[in-house]
Amino acid sequence: AANGEDFRRWTGGDFTLVQNNLYRLCSRGCEVVVRVPVIPGYNDATKYAAAMARLVCQLGAGRVELVPFHRLGSAKYAALGLDYPLGQQVSLSRQALLAVEQVFKDRGLLCRVDG
């Protein structure tokens, strides 16, 4: 997520901790690749991508990998007797993924769609 509230809601994690760790790595000259899951209906809009691209630039990372949503994890949830919250979600089209990718490239970032 491009902000702390969304990140906490979607992952339960602390976005500030993630940002601080990425900043530390980048400021020490480490080559950082920011991997961004792209989930339809959550963070697939170009507006979200633009916010994330600004953040990646501010942190000093130069590369982004977009990870398209898939339902491969649903079997693990079923095996654990848990409901898979994204079980009905469909994958993004290649065209939609490429539009998100272009937003990052327009900010001067090296970006590719994983897979």
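Guide: Contact, or touching, means heavy atoms within 4.5 Å. This is a predicted model, in which local features need pLDDT of at least 70 and side-chain atom pairs count only at pLDDT 80 or more, while totals for chains, interfaces and linings use all residues. Residues are numbered from 1 along each chain as its sequence is written, and side-chain values use heavy atoms, with hydrogens and water left out.

Visitor: Which residues does L59 touch, not counting residues up to four places away in sequence?
Guide: L59 lies in helix α3, where helices (H or I, at least four residues) and strands (E, at least two) are DSSP runs numbered from the N terminus. The C-alpha atoms of L59 and Q19 are 7.5 Å apart, although 40 residues separate the two in sequence. With neighbours up to four places away set aside, the residues that L59 touches are Q19, L22, Y23 and C26.

Visitor: Does L59 count as buried or exposed?
Guide: The classes rest on relative accessible area, with buried under 20%, exposed over 50% and partly exposed in between (1.4 Å probe, protein chains only). L59 has a relative accessibility of 11%, and therefore it counts as buried.

Visitor: How far apart in space are N20 and L59, C-alpha to C-alpha?
Guide: N20 lies in helix α2, which covers residues 15-27, and it is partly exposed, with a relative accessible area of 37%. N20 and L59 are 39 residues apart in sequence, and their C-alpha to C-alpha distance is 8.7 Å.

Visitor: Why does F15 count as buried?
Guide: F15 lies in helix α2, and its C-alpha atom is separated by 8.2 Å from that of E5, ten residues away along the chain. F15 counts as buried because its relative accessibility is 8%.

Visitor: What is the C-alpha to C-alpha distance between R24 and V103?
Guide: R24 also has its place in helix α2, and it is partly exposed, with a relative accessible area of 39%. R24 and V103 are 79 residues apart in sequence, and in space their C-alpha atoms are apart by 25 Å.

Visitor: With which residues is V64 in contact, leaving aside its neighbours within four places in sequence?
Guide: V64 is among the core residues that touch the most other members. Once the neighbours within four places are left aside, its contacts are V34, V36, V56, F104, L109, L110, C111 and R112.

Visitor: What pattern does the protein chain follow along the sequence?
Guide: The protein chain has five helices and three strands. Read along the sequence, they follow the pattern α-α-β-α-β-α-α-β.

Visitor: What percentage of the residues of the protein chain count as buried?
Guide: The C-alpha atoms of the protein chain fill a box of roughly 45 × 30 × 25 Å along the principal axes. Among contacts between residues at least 6 apart in sequence, 66% join residues at least 24 apart. Of the 115 residues of the protein chain, the buried part is 32%.

Note on methods. Core = buried A, V, L, I, M, F, W, Y, C linked by side-chain atoms within 4.5 Å.
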